[in-house]
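Dear colleague,

A short account of what was found in it comes after.

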Amino acid sequence: MRKLLLGSWLLSILFCLPVLAQDTSVSGRVTSSDDGSPLPGVSVQVKGTTRGATTDAQGNFKINASGNAKLIFSFIGYEAQEVVVGNRTAVDVKLAANFNELNEVVVTAYGASTKKRDVTSAVAQVSGKTIENLPVQSFDRALQGRAAGVQVTATSGAPGGGINVRVRGIGSINAGTNPLYIVDGVQIASGDLSTQASSNVLASINPNDIESLQVLKDAAAAAIYGAQGGNGVVIITTKRGRAGRTKFNASVQTGYTDLLKKLNALTASEFAQLKIEGFVNRARATNQAVDAARTSSITQFGDPATVQNTDWQDAVFQRGQLRNYDLSATGGDGKTNFYIGGSYNFQDGQVVRSDFKRGTFRLNVDHQATKKLKFEVSIGLSAVRQNGAIADGAFINSPFLAAALILPNQPIYKPDGSYNAPLSGAFSYNPVQSTEFETRLNTTVQTVSNFALNYEVIPGLRFRSFYGLDYANNRDDNYRDAIVPQFAATGGSATVTNRYTLNWNTSQVLNFSRTYRTNHNVSALLGGEYRQEVRETALATGQGFPNGLFTTLAAAARPITTSGTYTTWRIGGVFSSLNYSYKEKFLLGATVRYDGSSRFGTNTRYGLFPAVSGGYRLSEEPFLKNSRVVSDLKVRASYGEAGNNLIDNFASRALFGLGGQYLDNPGIRPSQLGNDNLSWEVARTLNLGLDYSLWNGRVYGSVDVFRKVNDKLLLERPLPFDSGFGSIFENLGKVENKGIEIEFNHVNVDKGGNKFKWETRWNATFLNNKILELLPGQSRIGTGLQVGQPIIINWYPTYAGVNPADGRSMWLDTLGNITYTVQARDSRVQGSPIPKGFGGVTNTFSYKGFTLEVFFQSQWGNSFLNNNGFFMESSASAGWNNLQSQLARWTTPGQISPVPRPYEGGAEPGSSSIQTFSTKQVENGSYIRMKQVTVSYALPTSLVNRIGLTQVRFFAQGLNLLTWTAYTGFDPEILTTDIGRYPQSKQVTGGIQIGF
């Protein structure tokens, strides 16, 4: 059946091949209707074929076309125009500026593209101009708040740190949720390569090299990627050369990066006072001597009147520098076009001794070897060197965890100038010392490159042979100097880890496009693809070093361990798509892909992923065709299936591991149960959409309503303890994401020319996430997964405040009654960290050469645990510092206070500890952030041209300048909790951009 299906698609292409017509050479010039200036880089295409040309620097073009052919002239920011050739050999065209982005070209898959106005699936698009010169290390950060349905959250504030991207919610419980990233056709092995710093493999790509970003959101768009498209697909297209004289573009910017906020911690005097109260309260409750308790507190934590204060946050956090240099050139003669670019980026982290350095190089070349044969080569190289204070996490040597919690009565240095270490209290590490004498270095060299051959078999039928490579070599160096007391026992230690990732893919595709009888447009795709990824790791550790000057493994007195890993996986598939439009009024599309993956069981290794879509352009109906209000109005619908294969490479296999030694003889033992029936997790999406453009593109946007159900989840089913195994992967469970996406763009004021103009771009996503099914006959797994609830929930008892009579903490039990001792059964669902909505709004004001752009990003409807608050809102009852809010503690009977009385140790007789997880620490995670403000001034063209340049632009910008939120921790932009997390930064930069 599958062979018959694929064969019928191929026959549909072959039967549609037309009779060739005689061609003539047509030339002409394309200019702007505004001022008559030539337009270089305009795409000129013979409608219904793959034949095309590009205008040169003077706007001239030359192309072969038949007399009855139509030429399509398109250029970003201008109204596309169709011209019938007739008996002419010269065609001059004037293009009018157009606000309407529906005419922009959208890259869909495997070298195919279409106009945005003809798309029948859900695709979000972000122009490279939008993210140009932003002081960010990876392009995925720049997506935040700019694409409806796409939630972007920083998992670390470290420069070049990790990013979490979710397209239309979380659909998987145990499988991965990252979208598939494709850079110029190369499928990227995304993720975090390093254990010494939070890193992002996508940071290897210079954002200034990017031409456009497309996000395929529904299954109808992503199904052509089959088993890899279930979490959405992000397609990145880099800049390519255009015919004309060589144009250079250079930019330089510099500035500073700083902490978003400091936690308002207690001073040493304030902390000492609360400690005295806590010791005294405990003494009275346990019938001990009050004076002795007060003396004990002062001995340990100081006298409030005389104790010296240390601000550890000031010692650990820093204002760092930021610098970025970028140079590119583009040009060509029409036969060979090129783009070449290089950049250097440096940024200090917000924590001392953490930074990020990156150099990139890119070369894109297109060469028309013959009339039918064209070559494409893209070479992207990068080198990253990153110093990390520590990987994110709740570690006692984590400087961003310890900085706020270390006892403030302890100095950084001893009187003799040496480091004060070890410290007393729960945090014994001196973070200033440990960051100075611990090396955590990540070095990564990476290439993302490809080669493609395009051959026009006959007019309208093109063969494309593509080969892509993503290769990364990473080295982690960790050295811990014995001068740090906690490292002294080993005599110093060093660990070196080398990793390499070899990821490559190839596709062989036939692409057909033809127009019949003027009104019937048919395009089709038929191809096959193969991808393989190999990861290998080698690690060695040594201890005992002479001193901190000798840090290589060769200097170690004792080799401790060596280890290595090797893993690989493969996927292959065939695919086809067919698109048809009638008078650009009725649009139909269908896609099918058949995939096989090495990750799944031998019985279920292959899967079929179909999708269909359709559109109806109402604006082509007679009652709207001549409307002065409605320029374009299209309704669309789609349904499709895509897969998720983001599990361990051997999750379906029965595995054996080491550790079965018996009587000094080596052995192995079973470590994992296999499942030969483990198969794809399937994402089924139904999408209804509306695209609109009003008043000739002055108002335009889209509305999408969707329901995505992830079925047959790749779920770890818990096993009984006596089975000898913890769990087994099976296809169980179902998760639903449904919501509404809105994009609205409006030109509020336009005085014409270079006079005042004000544009607004706004997008919002409203989302509901829910588990529909789990294990057969069960509505929950543990306490974290429950049918009818979001995938991630807050599961805590309800905090009932402070008893005015005695200052003790109160909670509600399972019956809703006041209790002082919390039981496990008292917990209930207290909201979810998954937001119910997110979005962004950009206002752009321009006047003559001045431009002001203000971008706000927000999310709402979520709540999560303030884990820092768990530690720092404990009435100073434990061995770490607290927040200023604890000064409002209860002190006298009858007092109404949100803060319980201090009690040393935290747990009063007959009560649970002050430090009990509850709704006391669950906070509203909603926020609005001034994400970006850019002010720029471009010198007049007449002045710039006189000095031999084409552009001079000065700019200043700020990122993360202001945040409005009820959250009291470092930053509300988190996934579940911010404990031990490298905090985000705000950045202010200024620079200049020159074109020549």
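This is a predicted model: local features need pLDDT of at least 70, side-chain atom pairs count only at pLDDT 80 or more; totals for chains, interfaces and linings use all residues.

Residues are numbered from 1 along each chain as its sequence is written, and side-chain values use heavy atoms, with hydrogens and water left out.

Helix pair. Helix H5 (residues 268-285) packs against helix H6 (residues 290-301) at an angle of about 150°, and their axes are 8 Å apart. H5 is therefore roughly antiparallel to H6 (the term applies to angles over 145 degrees). Helices here are DSSP runs of at least four residues (H or I) and strands are runs of at least two (E), numbered from the N terminus. Axes are lines fitted to C-alpha atoms, for helices over the stretch in contact, and angles run from 0 to 180 degrees between N-to-C directions. Among the H5 residues that meet H6 are Phe-271, Ile-276 and Phe-279, while the H6 side includes Val-290, Ile-298 and Phe-301; contact means heavy atoms within 4.5 Å.

Glu-908. This residue lies in the loop between helix H11 (867-872) and strand E48 (922-924). Glu-908 is buried, at a relative accessible area of 9% (buried means under 20%, exposed over 50%, and partly exposed in between, with a 1.4 Å probe and protein chains only). Setting aside residues up to four places away in sequence, Glu-908 touches Arg-808, Arg-901 and Tyr-903. With Arg-901 there is a side-chain to side-chain polar contact of 2.8 Å (a pair of N or O atoms within 3.5 Å; within protein, one must be able to donate a hydrogen and the other to accept it, and residues adjacent in sequence count only if both atoms are side-chain atoms).

Val-935. Strand E49 (residues 927-938) holds Val-935, which is partly exposed with a relative accessible area of 43%. Beyond its neighbours within four places in sequence, Val-935 contacts Thr-851, Leu-852, Phe-954, Phe-955 and Ala-956.

Backbone features. Ala-421 and Pro-422 are joined by a cis peptide bond, with omega about -5°. Pro-422 is in the loop between helix H8 (399-405) and helix H9 (431-436). Trp-695 is not a glycine, yet has a positive phi of about 50°; Trp-695 sits in the loop between strand E32 (681-694) and strand E33 (699-711).

Yours sincerely

Technical notes: Angles under 35 degrees count as roughly parallel, over 145 as roughly antiparallel, 65 to 115 as roughly perpendicular and the rest as oblique.
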